Amino acid sequence: MSNTRLTHSQLRVLLALFSCRDAIGNLVPTGARDITNICHLKLRPTRKALSDLIDMKWVVIAHQDTKNPLFLPTAQMLPSATDDASDNLTLPLENVENEPPPRNTASPKATSIDLSAFEGWPISQDTIKRFIEHRKVKKSPLTQYALELNLKAALRGQEEIGMTADEVLLFTIKEGWQGVNLKWIDNRRRGNPKGRTRPRAAEIAKKAAEKRARIMLRNKQHQ
């Protein structure tokens, strides 16, 4: 067993199995989904690592269930009854193969925002907080710099479209937009959403019908 090389995924799964214990410290048979939550791997690589560890005789199936089997470390991996498991589980790093770390699919975390930097700006602190929360809900949290850019754009609203910075931010939140865009706001207030100038479907259909009528008339004249 000392010559066996473990991948990072296999090592994490094995350590997760050793962390699953009852109130008196006994190992508890654990399913693949629970192991996934402990070692922060996706289900497929967790199952692959378990299958490999079973082949290597480091893990056994403690309870066979076609939908959710339970796993335990093998007896040869277990410490003696009088010893502490953490002192006996030795997995030398030289036996761990280099493997790319799992991709982080979690939503980006928001950096800390220093609201004191905007004290004295002609924008309500409550409105700024609402905009920050709005971006969190959209899973696109703001950085300090991004917030500053949006607030500066909102401040230009008074001069360019006749709206206060608070009104601009609240309008952006109401429309569900990610960032401040004065042109979009102005166009929406004029009844042209997001500045779109494409003709409506009815207008396109009308022009197409007129074109077909002209072609039919021309064909009849040549007959």
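How far is the sulfur of C39 from the closest cysteine sulfur? The points below take up that question and then the rest of the fold.

1. **The cysteines.** This is a predicted model. The sulfur of C39 is 9.5 Å from the closest cysteine sulfur, which belongs to C20. That is too far for a bond. A disulfide is a covalent bond between the sulfur atoms of two cysteines. A pair would count as one with its sulfur atoms within 2.5 Å, and by this rule the count is zero disulfides. C20, accordingly, is in no disulfide. Both residues are buried: C20 has a relative accessible area of 10%, and C39 has a relative accessibility of 6%.

2. **Helix 2 and its buried face.** C39 also belongs to a set of buried residues in helix 2 (residues 32-39), together with A32, I35 and T36. Look down the axis of helix 2: its buried residues fall within an arc of 105°, so they line one face of the helix. The face turned away from that buried side carries R33 and N37, which are exposed.

3. **What covers that face.** Which elements cover the buried residues of helix 2? The cover includes two helices, helix 1 (8-19) and helix 3 (43-55). It also includes two strands, strand 1 (30-31) and strand 3 (70-73). After helix 2 comes H40, and its phi is positive, near 60°.

4. Strand 2 and strand 3 are joined by four bridges. For I61, the bridge partner in strand 3 is F71.

5. **A loop residue, D114.** D114 sits in the loop between helix 4 (85-88) and helix 5 (125-137). Is D114 buried, exposed or partly exposed? It is partly exposed, because its relative accessible area is 40%, between the limits of 20% and 50%. The side chain of D114 makes a polar contact of 2.4 Å with the side chain of S116. T143 is 29 residues away from D114 along the chain, yet their C-alpha atoms are separated by 9.8 Å.

6. **A buried threonine, T172.** T172 lies in helix 8. Its relative accessible area is 0%, so T172 is buried. Which residues does T172 touch, leaving out those up to four places away in sequence? They are F131, H134, W177, G179, V180 and I185.

7. **Where to be careful.** The mean pLDDT of the protein is 79. Of its residues, 75% reach 70 or more. Among the elements, helix 8 (residues 165-175) has the highest mean pLDDT, at 94. Helix 4 has the lowest, at 42. Over residues 80-96, pLDDT stays under 50. The model has 23 contacts beyond four places in sequence for that stretch. Where pLDDT is low, the predicted coordinates should not be read in detail.

Key:
Residues are numbered from 1 along each chain as its sequence is written. This is a predicted model: local features need pLDDT of at least 70, side-chain atom pairs count only at pLDDT 80 or more; totals for chains, interfaces and linings use all residues. Side-chain values use heavy atoms; hydrogens and water are left out. Buried means under 20% relative accessible area, exposed over 50%, partly exposed in between (1.4 Å probe, protein chains only). A polar contact is a pair of N or O atoms within 3.5 Å; within protein, one must be able to donate a hydrogen and the other to accept it, and residues adjacent in sequence count only if both atoms are side-chain atoms. The arc is that of the directions from the helix axis to the C-beta atoms. Contact means heavy atoms within 4.5 Å. pLDDT is the predictor's confidence in each residue, from 0 to 100. Two strands pair if DSSP finds at least two bridges between them.
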